[in-house]
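Reader: I'd like to learn how to read charged pairs and sheets in a model like this one. Can you walk me through it?

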Amino acid sequence: MYKRQHLGYQLAAVSDKPEQPFDFFMVPANVINASAYPGGLVVLYSGLFLETDNESEVAGVLAHEIAHVNQRHISRMMAKQQKSTVPILLGMLAAVAAAQSTNSNSDAPIAIAASMSAIQQQMAINFTRYHEYEADRVGINTLYQAGLNPEGMATFFAKLMQKNRIDPRYQLPEYLRTHPLSVNRVTEARNRLKAFAVAEVNESELYDYVKERVRVLTADEFTDLNAHYMGELSTGKGNRNALFYGQALLSYKDNDYVKAWKLLQSCLLYTF
């Protein structure tokens, strides 16, 4: 059995294909994205991790990516594209032949080429949309089986939609470009929760500490973390021990070891 602190493996062990090998990596970059690759490689960016509010939300993203691997979505998409290549090429050849025909309407080749391109793009969109819905359905079940809140996936998706305008005129996070979201998709994810009996949610106490560690170790020189921690502590909300731990780690990173030690002494930290 995988150790409790290895969230990715905890989810993989109760997925529909527990025998599938996985490797989980976090990329230290302020990018809101996650991705899965053939062979079981799942990549999570630190920027996305910091957008989550609890372990079930980050687990929802991982469960979604695990489902992509287990359902062989990438391999299936590649096979689908290969099958569609021949008719698309034939269509393009027809456009070339029409262009060379003296009796052809001059607009016909352009229309044929545009149609073929549109068909190819629409096929990819339809197939991707199907994959996303399937990964949601399978991933939510994995969350529930792992003892986490199955609503975590839907709440995180809804948060991204509310925080970022779904409008091509605005720069969207990478995750929303590679995992297209819609109100219907989030609603369907929430509706699936009705199929699960109420169960106790077992989230790790390590989440808050790991989040602050990631925040400090991936921050750039333009981020004022001192102001961040002062603001968070002044609200009286959140895990104060984790916030003090983040402050202490920040001081340690700045080689202020005395301040770091005092911060650690100011509260009773969770024992790792």
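Reader: How many residues apart are Glu-212 and Arg-215 in helix H9?

Author: Helices here are DSSP runs (H or I, at least four residues), strands are E runs of at least two, and both are numbered from the N terminus. Glu-212 and Arg-215 sit 3 residues apart in helix H9 (residues 206-218), about one turn of the helix. Their side chains meet in a salt bridge, 3.0 Å from N to O. The cut-off for a salt bridge is a side-chain nitrogen of Lys or Arg within 4 Å of a carboxyl oxygen of Asp or Glu. One caution: this is a predicted model, where local features need pLDDT of at least 70 and side-chain atom pairs count only at pLDDT 80 or more, while totals for chains, interfaces and linings use all residues. Residues are numbered from 1 along each chain as its sequence is written, and side-chain values use heavy atoms, with hydrogens and water left out.

Reader: Are Glu-212 and Arg-215 buried or exposed?

Author: Buried means under 20% relative accessible area, exposed over 50%, and partly exposed in between (1.4 Å probe, protein chains only). Both Glu-212 and Arg-215 are buried.

Reader: How many salt bridges does the whole structure have?

Author: In general, side chains of opposite charge can pair when their charged atoms come close. Here a search of the whole structure finds 5 salt bridges. One of them joins Lys-159 and Asp-53 at 2.8 Å, N to O. That pair links distant parts of the chain, 106 residues apart: Lys-159 is in helix H6 (residues 152-163), and Asp-53 is in the loop between helix H2 (46-49) and helix H3 (55-70). Lys-159 counts as buried because its relative accessibility is 17%, whereas Asp-53, at 52%, counts as exposed.

Reader: And which residue does Glu-134 form a salt bridge with?

Author: Arg-137, with the closest N and O atoms 3.6 Å apart. Both are in helix H5 (residues 108-145), and they are separated by about one helical turn because they are 3 residues apart. Glu-134 is buried at 8% relative accessible area, while Arg-137 is partly exposed at 44%.

Reader: Now the sheet. In what order do the strands come?

Author: Strands pair if DSSP finds at least two bridges between them. Here 3 strands form an open sheet with mixed pairing, in the order S1-S3-S2. Strand S1 (23-27) and strand S2 (34-37) are at the edges with a single partner strand each, so one side of each has no neighbour in the sheet. S1 and strand S3 (residues 41-45) run parallel, joined by 5 bridges. Met-26 stands opposite Leu-44 in S3.
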